[in-house]
Amino acid sequence: MVAQADPGFAGPARCREIRLQPTTIFPALAAAGKVGFSEWSPKQIQASLDLPGVEKFVSSQPQYSLLWRRPEKAVIPLCAENGISQIVWSPLAQGVLSGKYVPGDTPPQDSRASSDKMNRQMGHWNRPEVIEAVHRMKPLAEEAGVSMAQFALAWVLREPNVASAIVGVSRPEQLAANAAASGLKIDPALFEKAEAIAAEIPSA
């Protein structure tokens, strides 16, 4: 799958250029329905859909998690109406939704938050109020009989328009554990409680 990153929207003419580029460079991929876009706004998506005579995108790659639900407002509905699936990134919010961080404690030595090279990418997820909120979600995961990471991934995958979630791992066992989230049947009421907790997190 090839995903076109946000081109910096400049109207339909620019969008047409972006749309034609992948079909020129990757004709076999485009014809096979393997060309998508990443972090496009609803305006950009609609402009691409309005273009005649070009291959249609089949996937969208937004950030999406229990802590970042912005795509639900317009991107997901628009894509769902037009046969475009979501391949989401950061479904664990840079690892915070794994539940490995404990409020008030020093981050584990092998974690992203403890790495000088990687902790800058965590942005506003590495805040006490966020860590506390995720800590409050952990009993919900325990009630469901799964790990916090599996709970968070299952929440993402509950959305019918999500085809898959991109996860980053440092050990093989993490990959196996994350993959086990696919197909989990979790009580929607537990998800609703987690959503309510997330909604209480103050803006950064």
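**Entry 1: ground rules**

I number residues from 1 along each chain as its sequence is written. In this predicted model, local features need pLDDT of at least 70, side-chain atom pairs count only at pLDDT 80 or more, totals for chains, interfaces and linings use all residues, and side-chain values use heavy atoms, with hydrogens and water left out.

**Entry 2: salt bridges**

I began with charged pairs. Side chains of opposite charge can pair when their charged atoms come close. My cut-off for a salt bridge is a side-chain nitrogen of Lys or Arg within 4 Å of a carboxyl oxygen of Asp or Glu. How many salt bridges does the structure hold? I found five.

I looked up Arg69 and saw that it pairs with Glu72, with 3.0 Å between the closest N and O atoms. For accessibility I call a residue buried under 20% relative accessible area, exposed over 50%, and partly exposed in between (1.4 Å probe, protein chains only). Arg69 is partly exposed at 32%, and Glu72 is partly exposed at 23%.

Next came Glu129 and Arg127, whose side chains meet at 2.6 Å, N to O. Glu129 is partly exposed at 31%, whereas Arg127 is buried at 15%.

Then I checked Arg136 and Glu200, whose closest N and O atoms are 3.1 Å apart. This pair links distant parts of the chain: Arg136 sits in helix 5 (residues 128–144), and Glu200 lies 64 residues away in the segment after helix 8 (188–199). Helices here are DSSP runs (H or I, at least four residues), numbered from the N terminus. Glu200 is exposed at 53%, while Arg136 is partly exposed at 38%. I also noted that salt bridges with shared partners join Arg69, Glu72, Arg158 and Glu195 into one network.

**Entry 3: helix 8**

Which residues of helix 8 are buried? I listed Leu190, Phe191, Ala194, Glu195, Ile197 and Ala198.

The face turned away from the buried side carries the exposed residues Pro188, Glu192 and Ala199. Helix 5 and helix 6 (148–157) are among what covers the buried residues of helix 8, where contact means heavy atoms within 4.5 Å.

Definitions and conventions: Helices (H or I, at least four residues) and strands (E, at least two) are DSSP runs, numbered from the N terminus.
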